[in-house]
Amino acid sequence: MPQTTPDPDEQAIDALLRAAERAWAASDFAALKELWDSSTPPLYLAEESREVCATWPQLDDYWAATNSAARAVSMRISDVVYRPLTSD
């Protein structure tokens with residue numbers, strides 16, 4: 001079976017997803033926030049919430065409430081499939 005060269009973009013995305021998993025497992029919301037593009041407002045809908053966090057203060061409040069309400073939090077990302085958006 002021929003060996004393919006790993007795509008650097010896919011490797012970067014995989015690294016970001018693993019960092020997000022580690023941050024959630026450690027309840028390290030500061031580290032999680034560092035993974036976001038802070039130049040634009042966030043858009044986050046927690047699976048247990050009906051309210052979308054669409055501002056940084058809303059997301060910070062959500063993370064603070066999560067941190068105080070839960071002993072442990074984790075998130076697992078699996079079965080990631082990459083598809084090119086264009087042919088180039």
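## Contacts along the chain

In the protein chain, 40% of the contacts between residues at least 6 apart in sequence join residues at least 24 apart. Please keep in mind that this is a predicted model.

## Overall build

The protein chain has three helices and zero strands, and its pattern along the sequence reads α-α-α. For the protein chain, the radius of gyration is 16 Å, whereas a compact globule of 88 residues would have one near 12 Å.

## Surface and charge

How much of the protein chain is made up of buried residues? The share is 20% of the 88 residues. The accessible surface of the protein chain is about 7200 Å², and carbon and sulfur atoms account for 53% of that surface.

## Helix H1 and its cover

Helix H1 covers residues 8-25, which makes 18 residues. From its first C-alpha to its last, helix H1 reaches 26 Å, close to the 26 Å expected at 1.5 Å a residue. Here is a handy rule for reading a helix: an α-helix has 3.6 residues a turn, so residues three or four places apart point the same way.

Which residues of H1 are buried? They are Leu-17, Ala-19, Ala-20, Glu-21, Ala-23 and Trp-24. Their cover includes helix H2 (29-34) and helix H3 (56-69).

## A closer look at Glu-21

Glu-21 sits in helix H1. Why does Glu-21 count as buried? Its relative accessible area is 13%, and buried means under 20%, so Glu-21 falls within that class.

What does Glu-21 touch, leaving aside its neighbours within four places in sequence? Glu-21 is in contact with Met-75, Arg-76 and Ile-77.

Moving on from helix H1, you come to Ser-27, found in the loop between H1 and H2. Ser-27 has a phi near 50°, which is a positive value in a residue other than glycine.

## The segment after H3

Several residues to look for lie in this part of the chain. Ser-74 is one of the residues in the segment after H3, and Ser-74 is exposed, with a relative accessible area of 62%. Its C-alpha atom is 11 Å from that of Asp-28, although Ser-74 and Asp-28 are 46 residues apart along the chain.

Asp-79 is also placed in the segment after H3. Although Asp-79 is not a glycine, its phi is positive, at about 55°. Is Asp-79 buried or exposed? Asp-79 counts as exposed because its relative accessibility is 72%, and the cut-off for exposed is over 50%.

Ser-87 belongs to the segment after H3 as well. With 83% relative accessibility, Ser-87 counts as exposed. How far is Ser-87 from Arg-22, taking their C-alpha atoms? The separation is 33 Å, and the two residues are 65 residues apart along the chain.

Conventions
Residues numbered from 1 in each chain as written. Predicted model: local features only at pLDDT ≥ 70, side-chain atom pairs only at ≥ 80, totals over all residues. Heavy atoms only, no water. Helix = DSSP H or I, 4+ residues; strand = E, 2+ residues; numbered from the N terminus. Rg over C-alpha atoms; globule rule 2.2 N^0.38 Å. Buried < 20%, exposed > 50% of the residue type's maximum accessible area, 1.4 Å probe, protein only. Contact = heavy atoms within 4.5 Å. Areas by Shrake-Rupley, 256 points an atom, 1.4 Å probe, with all protein chains shown as cover. Expected span 1.5 Å × (residues − 1).
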